[in-house]
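Please look over the sequence and the model that follow, and then read on for a guided account of a few of their parts.

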Amino acid sequence: MSTEVKRPVLEVRNLSVSLPKGGDRVHAVEKVNFTVNPGEIVCLVGESGSGKSVIAFTVMGLLAKALKPTSGEILLEGENILTAGEERLRELRCTRMSMIFQEPMTALNPVMTCGDQIDEVLSTHTQLDAAARKAKIIAILGRVKLPEPERIYGSFPHQLSGGQRQRIMIAMALVLDPVLLIADEPTTALDVTTQAEILKLIAELQEGQGTGVLFITHDFGVVAEIAHRVAVLRWGQLVEMGPTEQILSRPVQGYTKMLISSVPSITPVHRGVRRDGITILRTEKLGKIYTGNAFFQKARVVKAAVDVDLDIRRGETLGIVGESGSGKSTVARCIARLIDPTEGKIYIGDTEIATMSARKLRPHRRRVQIVFQDPYRSMNPRITVGEFIIEGPMNFGLGRQEAMARARKLMETVRLDPNSLDRYPHQFSGGQRQRICIARALAMEPELLIADEAVSALDVSVQKQVLELLDEIRVRLNLAVLFITHDLRVAAQICDYVAVMSKGHVVEYGSAEQVFGSPKADYTKALFAAAPGRHWEFGKFAA
Amino acid sequence: MSSITEEVVDSASIAAASTKRKSLWLVAIRNPNVIFGGVILLTMLVIAILAPFLGTVDPTRIDPASRNKKPGTEITYRLDDGTTVKRVAIMGTDSLGRDVYSRVLYGARVSLAVGVAVSIISVAIGMVIGLVSGYVRWADGIIMRIMDGLMAIPGILLAIALVSIWRAGLITVVFAIVVPDVPRVVRLVRSIVLTVREEPYVEGAISVGTPTWILMFRHILPNTVAPLIVQGTFLAAAAILTEAALSFLGIGIPPEIPSWGNIMAEGRTLFRVFPHNILYPGIFLALTVLAINIMGDGLRDTLDPKMSKKV
């Protein structure tokens, strides 16, 4: 690839984009240089706020009004886009450069059929007649491997799955054979198996057409999977750039090294033999069935969880992994009794709580605590962190002074300054908030801690810190942990035991080493096969 | 894996990494709409309170000698002790010789009282019912059907019915306006409660064993305050208009108490000859309602940005 001398499709030279006044820094993007050659996939990698999406939007000329490019140039096949007028940009979009977005549902118009939406692109940019346009659309729908292109042509977005919608987006982007495709986290909202298919599709299509792809992602697994070259961004600056193999195995910059070694390995950690701990949690044939009651229609029945048998001993971590809609969160919420299970039994110690009334349940509440996914919504914005932490203990009769003393101690446990107890949640970052949520859960002195996708919303370096903290707390307090995640890498690192869920059923259940090492169920095998970058051992750098 | 050096995050870095959350109220009182509406409303309030000291005479005093005088006419008053005073009737007199200026100023009391009373009472009742309806799922269906029923009652018809049972008066009027207004507040509060109760921080509070009533008042209720204030202003404006309409129809405030509505009702018969009887209370009424609505718009834009986008 690199030996061919071709004019790059995209050249970004010395690009700076300024942020509005009052931001946390002056530039969203600062003096960034890179190129994308024909037939090449360049990945922009960085944590949230690194400016990777700003670059994509600047190239497309879709930048928000508040952001202004202040210097540099962006050359699309030699033509400077920054100085091009709105009219020229409109001509270029879709014909020379296209973009696909993260959220395929919101990127498509829900009241237009998929065929009509692609047709809009063609009728704007070409002189083709209706029949020729339709033939072209059917052909591209076939090329993105959608089944029954004729039927899809007349379908509305809500009739398709997430992966199919993303295929429609790709078809729309590629229908006019642009030289540059910008993909802004196109697989982040998708399940891992769908993600693998979409990645494969993008790679195939660009190879066939020689399209240059600027691929934006935060996921090093995806990078290892498809990128030819990688650019690492931090705070709007380009840290390091080079061929994928070189960046992943011989990074020069400390930041790159730190970032890559934060990626959890998919090989499970050897945890030793099972200790004879006390069983903290046991579920028997746990089930949750949702019935929509409608007066005039047949009631819709959704089996969110069916016959789930789990057990966790003291000091152990059980992971539940699965794709969205597999029922893993339903199980967690049933165990925390945030929703009422419809079948089966839940034992906390020796107490059966599945059918317990709210009044009787209250003393047992403190024994199971839960940490949620979204650190921004799990704290009441109107009360201070201190009040947030002591709320639980005070509900159970602890005095204010003692509760505050406990909160100060816990802030140290989660490595935050105890003097910041009088601050409000908005003054903390996502990772810090997640630590506060852990502190609050620990304040109840629980026997079981449930982490419901607790690290999924965090950047990889922060995620590593929170995972280490969770593991450390588990060991120190001899806690039982139920860890819900969709991320196989995270599960491999933190879990002693793993339950794989699919469509409400536990399809495989065993020790992490056994499940990851020699999966038995077909679904588990498919799940592992789809994990991006599974052949790459991150963080093992060549000397 | 190389481990990341981790240190205790000191409080200085937390403060630096954030911006102070501005109080919404400070933003709200700088909004030009809020200032404009607020100033007019405040003026009305001052007029209502200080009515006896603004050169008025007894608004109910009938003076057959000076009936139907045009604005600006000089009138001789005979006081109780037999002495006479001369004063200019700025807004003229009505068909019973009562001073329209005094009546309009005293009338502001009734209108503002009705506006404030209706908005406070309906917001208070509606908030409690809405909270229960949104949070206690089994009660929701029953409560909301009752509210749908209440909403179907037109305020004016209810007032007519009530006046025939009780007697006309401020309380009857306020009651008749509050009844159909309550369901509107209930619906608003219920919709907010339904979204907030699904927030992880509410579920988190449940899992640490927070009793239901603390959950409602500490974690859920504060979210309803801003939209309720906005809703309250619009309710007040509508209530003032309804009161005027009821009084105009003669089923609201009894004629011996001046209110903008019944001043206009009395001026109706001689409107072509003496338009001032309707003109002045009409201007005051329009100005007050306009001021409340403008202020409400401003409050909505600052306190409840989501709602202002929808409208």
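In which loop of chain A does A:Ala521 lie? A:Ala521 lies in the loop between α19 (512–517) and α20 (522–530) of chain A, where helices (H or I, at least four residues) and strands (E, at least two) are DSSP runs, numbered from the N terminus. This is a predicted model, in which local features need pLDDT of at least 70 and side-chain atom pairs count only at pLDDT 80 or more, whereas totals for chains, interfaces and linings use all residues. Residues are numbered from 1 along each chain as its sequence is written, while chains are lettered from A and ligands numbered from 1 in the order in which they are written.

A:Ala521 is partly exposed, because 16 other C-beta atoms lie within 10 Å; a residue is buried if 20 or more other C-beta atoms lie within 10 Å of its own, exposed if 12 or fewer, and partly exposed in between, with C-beta atoms placed from the backbone. Not counting residues up to four places away in sequence, A:Ala521 touches A:Val500, A:Val507 and A:Glu508, contact being defined by C-beta atoms, placed from the backbone, that lie within 7 Å. A:Ala521 and A:Val59 are 462 residues apart in sequence, and their C-alpha atoms are 45 Å apart in space.

Chain A also holds an open sheet of four strands, in the order β12-β11-β14-β15, with antiparallel pairing; two strands pair if DSSP finds at least two bridges between them. At the edges stand β12 (300–313) and β15 (351–352) of chain A, each with a single partner strand, so one side of each is left without a neighbour in the sheet. Strand β11 (residues 279–292) of chain A is joined to β12(A) by 10 bridges, and the two run antiparallel. Along this pairing A:Leu286 stands opposite A:Val308 in β12(A), and A:Ile289 stands opposite A:Lys303 in β12(A). Five bridges join β11(A) to β14(A), again in an antiparallel arrangement, and here A:Gly287 stands opposite A:Glu343 in β14(A).

We turn now to chain B, which has 13 helices and two strands. Of its 311 residues, 41% are buried, and among the contacts in chain B with a separation of 6 or more, 70% come from residues 24 or more positions apart.

Helix α6 (residues 155–165) and helix α7 (residues 170–196) of chain B pack at an angle of about 140°, with their axes 9 Å apart; axes are lines fitted to C-alpha atoms, for helices over the stretch in contact, and angles run from 0 to 180 degrees between N-to-C directions. That angle makes α6(B) oblique to α7(B), since angles under 35 degrees count as roughly parallel, over 145 as roughly antiparallel, 65 to 115 as roughly perpendicular and the rest as oblique. On the α6(B) side the contact includes B:Leu158 and B:Leu162, and on the α7(B) side B:Phe175 and B:Ile177 are among the residues that meet them.

Helix α8 (residues 200–207) of chain B is mostly covered, seven of its eight residues being buried, among them B:Tyr201, B:Val202 and B:Ile206. What covers these buried residues includes elements of both chains, namely α13 (358–365), β16 (368–371) and α14 (385–395) of chain A together with α7 and α9 (212–220) of chain B. After α8(B) comes B:Gly209, whose phi is positive, near 80°.

Note on methods
Two residues are in contact if their C-beta atoms, placed from the backbone, lie within 7 Å.
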